Amino acid sequence: MIVLVVAGFAVWRLRGMFASNPLPTYAGNVTEDSNKSDPKILRYEIWGEPGAVADINYTDAEGDATQLVNVPLPWSVDIETDAVALTGNVVAQGDGSFIGCRITGDGRVKDERTISNVSAYIYCIAKAS
């Protein structure tokens with residue numbers, strides 16, 4: 001019994017000497033908005049012949065698909081997000097023989113395309129805006 005008490009006391013003292021410094025904690029240093037960045041604005045634009053309409057599909061700020069049917073051209077929409085990166089995607093098919101698309105990110109052109117074809121179909125993609 002005495003051996004157990006002496007051994008327990010020795011272990012307690014050794015732990016007190018070698019493990020006496022508490023480990024640092026960083027729990028109070030993280031803010032709730034640490035994953036936020038400056039707001040980004042992504043602009044989708046579709047244009048075509050005067051009087052033309054188009055069916056348009058695009059990705060919104062949450063990454064969900066949005067569909068618009070028989071939209072008069074020209075058309076545009078601004079998407080604003082606080083996400084670190086945003087991938088933009090817009091697809092359109094018009095009833096004319098010419099259609100164009102453009103994606104700009106914070107005022108800089110990320111992708112721009114045009115096509116001349118019957119019932120013209122076009123897409124633009126902006127990666128990591």
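## Gly107, out in the open

Let's start at a loop. Gly107 sits between strand S6 (98–105) and strand S7 (108–116). This is a predicted model, and in it Gly107 has a relative accessible area of 70%. That is over 50%, so Gly107 counts as exposed.

There is also a distance to look at here. Gly107 and Lys40 are 67 residues apart along the chain, and their C-alpha atoms are separated by 10.0 Å.

## The overall picture

Now step back to the protein as a whole. Its secondary structure comes to one helix and eight strands. Follow the sequence along and the pattern reads α-β-β-β-β-β-β-β-β.

How much of the protein is buried? Of its 129 residues, 28% are. The accessible surface comes to about 9,000 Å², and carbon and sulfur atoms account for 56% of that. As for who touches whom, take the contacts with a separation of 6 or more: 58% of them are between residues 24 or more positions apart.

## Asp60, a buried loop residue

Back to the loops, this time the one between strand S2 (53–59) and strand S3 (65–72), where Asp60 is found. Is Asp60 buried or exposed? Its relative accessibility is 16%, which is under 20%, so Asp60 counts as buried.

What does the side chain of Asp60 reach? It gets to the backbone nitrogen of Glu62, at 3.1 Å. Setting aside neighbours within four places in sequence, Asp60 is also in contact with Thr66, Ile79 and Leu86.

Thr81 belongs to strand S4, which covers residues 75–81. With a relative accessible area of 10%, Thr81 is buried.

Which residues does Thr81 contact, leaving aside its neighbours within four places in sequence? They are Asp38, Pro39, Lys40, Ala61 and Leu86.

## A cluster of rings

The structure holds two aromatic pairs. In one of them, the rings of Tyr44 and Tyr58 have their centres 5.5 Å apart, with the planes at 55°, so this pair is tilted. Tyr44 lies in strand S1 (residues 40–48) and Tyr58 in strand S2, so the pair ties together parts that are 14 residues apart in sequence. Both Tyr44 and Tyr58 are buried.

The other pair joins Tyr58 to Trp75: the ring centres are 5.6 Å apart and the planes stand at 45°, so this pair is tilted too. Here Tyr58 is in strand S2 and Trp75 in strand S4, so the parts tied together are 17 residues apart in sequence. Trp75 is buried, as is Tyr58. Put together, the ring pairs link Tyr44, Tyr58 and Trp75 into a cluster.

## The nonpolar core

Two of those ring residues turn up again in the core. The largest nonpolar core has 21 residues, and Tyr44 and Trp75 are among those with the most contacts inside it, along with Ile46, Ile56, Val90 and Ile99.

Which strands each supply at least two residues of this core? They are S1, S2, S4, strand S5 (88–94), S6 and strand S8 (121–126).

Technical notes. Residues are numbered from 1 along each chain as its sequence is written. This is a predicted model: local features need pLDDT of at least 70, side-chain atom pairs count only at pLDDT 80 or more; totals for chains, interfaces and linings use all residues. Side-chain values use heavy atoms; hydrogens and water are left out. Helices (H or I, at least four residues) and strands (E, at least two) are DSSP runs, numbered from the N terminus. Buried means under 20% relative accessible area, exposed over 50%, partly exposed in between (1.4 Å probe, protein chains only). Contact means heavy atoms within 4.5 Å. Accessible areas come from the Shrake-Rupley method with a 1.4 Å probe; for residues, only the protein chains shown count as cover. A polar contact is a pair of N or O atoms within 3.5 Å; within protein, one must be able to donate a hydrogen and the other to accept it, and residues adjacent in sequence count only if both atoms are side-chain atoms. Rings of Phe, Tyr and Trp (its six-membered ring) pair if their centres lie within 6.5 Å; planes under 30 degrees apart count as stacked, over 60 as edge-to-face and the rest as tilted. A nonpolar core is a set of buried Ala, Val, Leu, Ile, Met, Phe, Trp, Tyr and Cys residues joined through side-chain atoms within 4.5 Å.
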